[in-house]
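Hi there,

I am passing a structure on to you, and I hope you enjoy looking through it. Please open it first, and then read on for what turned up.

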Amino acid sequence: ILVVIETISLLIQPLALAVQLTANITAGHLLIHLISSAALALVSINIVLSSITLIILFLLTILELAVAMIQAYVFTLLVSLYLHDNT
């Protein structure tokens with residue numbers, strides 16, 4: 001039974017990593033979409049507040065790029081470790 005549990009564990013690890021990365025990417029895209037919608041709605045109401053929101057959106061986009069690069073590195077590192085454990 002130990003072999004079955006270990007095999008299931010080795011198969012679940014990359015799947016759990018993929019779900020985690022997908023959730024992080026989806027959360028970032030959702031936040032960017034919400035802030036851009038707010039900036040678009042504020043254009044007709046207050047141009048100064050809209051420009052501040054656009055600056056925040058730009059900074060968040062830079063942060064999302066940095067997070068994407070870190071996630072790509074972590075994903076590559078963990079996949080190589082998982083594959084190394086399996087061979």
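Here is something to look for as you start: which residues does Gln71 touch, not counting those up to four places away in sequence? They are Leu21, Asn24 and Ile25. Please keep in mind that this is a predicted model.

Now for the overall picture. The protein has two helices and zero strands. Helix 1 covers residues 2-43, and helix 2 covers residues 47-86. Along its principal axes, the C-alpha trace spans about 65 × 20 × 10 Å. The radius of gyration is 20 Å, whereas a compact globule of 87 residues would have one near 12 Å.

Of the 87 residues, 15% are buried.

Gln71 is among those buried residues: its relative accessible area is 12%, and buried here means under 20%. You will find Gln71 in helix 2, while Leu21, one of the residues that Gln71 touches, falls within the range of helix 1, residues 2-43.

Ala38 sits in helix 1. Is Ala38 buried or partly exposed? It is partly exposed, because its relative accessible area of 34% falls between the 20% and 50% cut-offs. If you trace the chain from Ala38 to Leu11, the two are 27 residues apart, and their C-alpha atoms are separated by 42 Å.

There is also a nonpolar patch on the surface, made up of Val43, Ile47, Val48, Leu49, Ile52 and Ile56. Together these residues have about 520 Å² of accessible area. Which element gives the patch its largest share? That is helix 2, with five residues. Ile56, one of the patch members, lies in helix 2 and is partly exposed, with a relative accessible area of 44%.

Finally, a word on the annotation. UniProt, in an unreviewed entry, places a "transmembrane region" at residues 56-83. In the model, the chain over residues 56-83 is 100% helix and 0% strand.

Terms used:
Residues are numbered from 1 along each chain as its sequence is written. This is a predicted model: local features need pLDDT of at least 70, side-chain atom pairs count only at pLDDT 80 or more; totals for chains, interfaces and linings use all residues. Side-chain values use heavy atoms; hydrogens and water are left out. UniProt positions are given in the numbering used here, feature names are shortened, and annotations may be inferred rather than shown by experiment. Helices (H or I, at least four residues) and strands (E, at least two) are DSSP runs, numbered from the N terminus. Buried means under 20% relative accessible area, exposed over 50%, partly exposed in between (1.4 Å probe, protein chains only). Patches are made of residues with over 30% relative accessible area and no salt bridge: like charges are joined within 9 Å, nonpolar side chains (Val, Leu, Ile, Met, Phe, Trp, Tyr) within 5 Å. Accessible areas come from the Shrake-Rupley method with a 1.4 Å probe; for residues, only the protein chains shown count as cover. A salt bridge is a side-chain nitrogen of Lys or Arg within 4 Å of a carboxyl oxygen of Asp or Glu. Contact means heavy atoms within 4.5 Å. The radius of gyration is taken over C-alpha atoms; the globule rule is 2.2 Å times the number of residues to the power 0.38.
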